[in-house]
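Here is a short tour of one protein model, written for someone who likes to know the cut-offs behind each term. Have the viewer open while you read.

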Amino acid sequence: MSTSGYFTYNMRTVVHSGADSIIKVPSLFRGLGGKRVLLVSDEGLEKAGLVNRVKDVFTLNNGPDMQLVGVYAKVTPDAGSESINDLVAYARSVAADSILALGGGLSLIHISEPTRLLSIS
């Protein structure tokens with residue numbers, strides 16, 4: 001450990017912001033090697049129209065190398081293992097290779113990460 005107080009912190013984060021920046025999402029997945037994207041969200045954002053907005057962006061950018069293969073908008077607060085199992089089964093059924101989590105909060109994060117890990121096993 002350094003006694004000088006010097007340290008380095010590096011977190012690979014890129015922020016895309018601005019009007020209509022959502023149009024870049026498919027190309028960002030493409031750049032990471034994603035071809036079959038599963039959109040994961042909750043009913044509130046679906047009712048607010050945000051899920052459809054993302055779906056529209058993917059519809060405009062669909063092709064043999066990029067497609068939105070499904071939407072799972074059943075994430076609930078305090079999602080448990082049953083929810084994770086349901087999402088994993090759905091991800092496998094659509095052969096998703098990427099997950100786009102739309103929304104915020106720990107529930108979405110807690111359900112998306114294990115799904116990614118379990119879907120590829």
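This is a predicted model: local features need pLDDT of at least 70, side-chain atom pairs count only at pLDDT 80 or more; totals for chains, interfaces and linings use all residues.

Residues are numbered from 1 along each chain as its sequence is written, and side-chain values use heavy atoms, with hydrogens and water left out.

**Overall fold**

- The protein chain has five helices and three strands, where helices (H or I, at least four residues) and strands (E, at least two) are DSSP runs numbered from the N terminus.
- Read from the N terminus, the order of elements is α-β-α-α-β-α-β-α.
- Of the 121 residues in the protein chain, 31% are buried; buried means under 20% relative accessible area, exposed means over 50%, and partly exposed is in between, with a 1.4 Å probe and protein chains only.
- Among contacts with a separation of 6 or more in the protein chain, 79% are between residues 24 or more positions apart; a contact means heavy atoms within 4.5 Å.

**Nonpolar cores**

- The largest nonpolar core has twelve residues: V25, F29, V37, L39, L45, V51, V54, F58, M66, L68, L100 and L102. A nonpolar core is a set of buried Ala, Val, Leu, Ile, Met, Phe, Trp, Tyr and Cys residues joined through side-chain atoms within 4.5 Å.
- Two or more residues of this core come from each of α1 (25-31), β1 (36-40) and α3 (50-60), and α3 gives the most, with three residues.
- Another core lies apart from this one and has nine residues, including V40, V75, L87 and A96.
- L68, a member of the largest core, is in contact with V37, L38, L39, K55, F58 and N62, leaving aside neighbours within four places in sequence.
- L45, also in that core, lies in helix α2 and touches L50, V51, L102 and G103, not counting residues up to four places away in sequence.
- L45 and L102 are 57 residues apart in sequence, yet their C-alpha atoms are 8.1 Å apart in space.

**Strands β1 and β3**

- β1 and β3 run parallel and are joined by four bridges; two strands pair if DSSP finds at least two bridges between them.
- Within β3 (residues 98-101), V37 stands opposite S98.
- S98 is buried at 11% relative accessibility, and S98 touches F29, G34, K35, R36, V37 and L38, leaving out residues up to four places away in sequence.
- The side chains of S98 and D97 are joined by a polar contact of 2.9 Å. A polar contact is a pair of N or O atoms within 3.5 Å; within protein, one must be able to donate a hydrogen and the other to accept it, and residues adjacent in sequence count only if both atoms are side-chain atoms.

**The aromatic pair**

- What is the geometry of the pair formed by Y72 and Y90? The pair is tilted, with 6.1 Å centre to centre and 40 degrees between the planes.
- Rings of Phe, Tyr and Trp (its six-membered ring) pair if their centres lie within 6.5 Å; planes under 30 degrees apart count as stacked, over 60 as edge-to-face and the rest as tilted.
- Y72 lies in strand β2 (residues 67-72) and Y90 in helix α4 (residues 81-93), so the pair ties together parts 18 residues apart in sequence.
- Y72 is buried, at 6% relative accessible area, whereas Y90 is partly exposed, at 26%.

**Single residues to look at**

- S41 sits in the loop between β1 and α2 (43-47) and is buried at 0% relative accessibility.
- A polar atom of the S41 side chain lies 3.1 Å from the backbone oxygen of L102.
- D20, in the segment before α1, has a positive phi near 60 degrees without being a glycine, and D20 is exposed at 51% relative accessibility.
- A95, in the loop between α4 and β3, also is not a glycine and has a positive phi of about 55 degrees; A95 is partly exposed at 43% relative accessibility.
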